[in-house]
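Work through the following exercises with the coordinates open beside you, and try each task before reading its solution.

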Amino acid sequence: MAQLTVDIGGRAGVDCRGFCEYCYFKRVKTSRAFGCRYCLPFKKGCDYCTKGVREEYAGFKDLRTIAQETLAALQTKTGDLDRITISGGGDPSCYPKFTDLIELLGATGAPLHIGYTSGKGWDDVKIADLLIDNGLAECSFTVFAADPALRKRWMHDPTPDASLAILERLCGAADVYAAAVVLPGVNDGEVLEHTCAWLEERGAKGLILMRFANATEQGLILENAPVLKDQTVQSVESFRDLVSDLNSTFKMKISGTPLWDPEIGSPFAILHEPALLKKLPRVQRKASVITGSVAAPFISEILSARGATAPVIPVQKEIACLITEDDLREIDPSHLQPAVIIPGRAFVYDAEAQKILSRDGTDREVVRGPDQLTADAETSMGMNRREVLAMELEGFSELIRLINLHGK
């Protein structure tokens with residue numbers, strides 16, 4: 001079995017009929033190179049931590065280019081093709097030759113997956129039949145609200161009724177996972193309950209709720225905070241309670257990011273599995289583990305259960321993979337062990353991390369940890385509990401291996 005990803009290109013805010021009001025990329029200003037694990041040892045900055053993090057791509061690719069790239073990729077695959085995923089920097093629903101694209105990919109006979117769409121580019125309900133006829137199997141669809149007026153106001157959808165009608169048709173024919181950024185006072189409360197009921201009645205497989213971020217510590221690292229002035233932001237704990245309440249009220253799966261997936265118990269579901277915790281290696285040395293403020297207490301509890309005595313060091317940034325050198329500068333290096341492990345996907349240049357964390361005169365070894373220790377809701381929505389636990393077992397085993405290898 002083989003999978004294929006078809007990148008159609010596109011630019012955020014341009015190839016999506018304009019930014020949604022709450023879009024994180026709406027006010028991007030910085031052009032700095034953050035540094036990351038993909039940078040060459042002698043050069044700070046690469047495509048991933050400059051253009052990639054800002055989703056700074058060229059416009060949509062022409063259909064001929066996509067066809068050529070798809071054919072070339074197919075020639076490298078062995079076995080039956082079990083999935084073609086359509087993705088890009090722009091919104092697939094806004095691709096100028098969308099009909100031709102779907103018919104081209106549908107001709108392969110492989111199930112089609114649309115990694116993300118807002119539906120803002122679809123003005124004709126017949127698009128739903130085109131997708132179904134060409135083998136659409138799964139779609140992630142940003143709904144925001146089942147109220148057309150709210151979609152029009154906050155997503156700038158010119159034809160919200162058509163978009164919702166297409167979503168309704170797709171829910172009955174494919175695995176549709178809806179998504180909504182929750183803006184307190186706008187699409188929460190009764191509006192959100194109505195959206196959940198609307199989706200469930202139409203057969204959606206699940207709803208991913210995304211807590212709105214509006215400040216640098218919440219993840220806006222591109223000098224783009226605030227996205228919305230004076231907009232209330234829920235605490236992580238309040239958001240988790242909201243997800244739990246809705247999931248217990250409705251039959252379809254409802255999960256949230258950064259917290260949580262009530263059905264699976266993730267992130268960090270392994271905490272509820274004592275037998276699996278005992279399968280993790282024992283922590284035999286000391287190393288400082290730096291992470292985001294949301295994950296820190298969970299990671300600390302897991303490592304402590306395996307014998308760790310060095311405290312996990314949280315930064316103010318909530319999400320570990322969005323940690324930058326600015327976050328590392330906030331840490332008092334005197335509290336650090338001689339060996340330090342930073343998140344694998346942190347936007348930090350390795351040489352700078354070592355310099356910043358050794359500025360007290362102690363030459364520290366700085367090592368990148370695993371890319372993932374657990375699954376957020378966007379990942380776990382398509383997983384079962386066994387798969388999530390396997391991911392956590394692998395991630396924490398690798399983290400402990402690094403502690404024991406580099407620690408003192």
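## Exercise 1: An aromatic cluster

F34, Y38, Y48 and F347 are linked into a cluster by ring pairs, where rings of Phe, Tyr and Trp (its six-membered ring) pair if their centres lie within 6.5 Å. The model is a predicted one, in which local features need pLDDT of at least 70 and side-chain atom pairs count only at pLDDT 80 or more, whereas totals for chains, interfaces and linings use all residues. Residues are numbered from 1 along each chain as its sequence is written, and side-chain values use heavy atoms, with hydrogens and water left out.

Task: Determine how many aromatic pairs the structure holds, and describe the geometry of the pair formed by Y38 and Y48.

Solution. A pair of aromatic rings is described by the distance of the centres and the angle of the planes.

Step 1. The structure holds nine aromatic pairs.

Step 2. In the pair of Y38 and Y48, the centres are 5.1 Å apart and the planes stand at 75° to each other, which is edge-to-face; planes under 30 degrees apart count as stacked, over 60 as edge-to-face and the rest as tilted.

Step 3. Y38 lies in the loop between β1 (2-7) and α1 (48-52), while Y48 lies in helix α1, so the pair ties together parts that are ten residues apart in sequence. Helices (H or I, at least four residues) and strands (E, at least two) are DSSP runs, numbered from the N terminus.

Step 4. Y48 has 37% relative accessibility and therefore counts as partly exposed, given that buried means under 20% relative accessible area, exposed over 50%, and partly exposed in between (1.4 Å probe, protein chains only).

## Exercise 2: Helices α2 and α3

Task: Characterise the packing of α2 and α3 by angle and axis distance, and say which residues make the contact.

Solution. Two packed helices are described by the angle between their axes and the distance between the axes.

Step 1. Helix α2 (residues 63-75) packs against helix α3 (residues 98-106) at an angle of about 15°, and their axes are 11 Å apart; axes are lines fitted to C-alpha atoms, for helices over the stretch in contact, and angles run from 0 to 180 degrees between N-to-C directions.

Step 2. The two helices, α2 and α3, are therefore roughly parallel to each other, since angles under 35 degrees count as roughly parallel, over 145 as roughly antiparallel, 65 to 115 as roughly perpendicular and the rest as oblique.

Step 3. From α2, the residues L63, I66, A67 and T70 make the contact, and from α3 the residues D100, L101, L104 and L105, with contact meaning heavy atoms within 4.5 Å.

Step 4. Sorted by class, the contact of α2 with α3 has six nonpolar, one polar and one charged residues. Here Ala, Val, Leu, Ile, Met, Phe, Trp, Tyr, Cys and Pro count as nonpolar, Asp, Glu, Lys and Arg as charged, and the others, Gly among them, as polar.

Step 5. A67 of helix α2 counts as partly exposed at 27% relative accessibility.

## Exercise 3: Helix α6 and its partners

Task: Is α6 roughly parallel or roughly perpendicular to α4, and which of these terms applies to α5 and α6?

Solution.

Step 1. The axes of helix α4 (residues 126-133) and helix α6 (residues 160-171) come within 8 Å and cross at roughly 30°, and α4 and α6 are therefore roughly parallel to each other.

Step 2. On the α4 side I127, A128, D129, L131 and I132 meet I166, R169 and L170 of α6, and these residues divide into six nonpolar, no polar and two charged.

Step 3. For α5 and α6 the packing angle is about 115°, with the axes 8 Å apart, which makes α5 roughly perpendicular to α6.

Step 4. P148, R151 and K152 of α5 make this contact with P160, D161, S163 and L164 of α6, the classes being three nonpolar, one polar and three charged.

## Exercise 4: Backbone checks

Task: Where are the cis peptide bonds that join A225 to P226 and T257 to P258 placed, as judged by their prolines, and what is phi of H156?

Solution.

Step 1. The bond joining A225 and P226 is cis with omega about -5°, and P226 has its place in the loop between β6 (206-211) and α8 (236-249).

Step 2. The bond from T257 to P258 is cis with omega near 15°, and P258 is found in the loop between β7 (253-257) and α9 (274-277).

Step 3. H156, a residue other than glycine, has a positive phi near 55°; H156 sits in the loop between α5 (148-155) and α6 and is partly exposed, with a relative accessible area of 33%.
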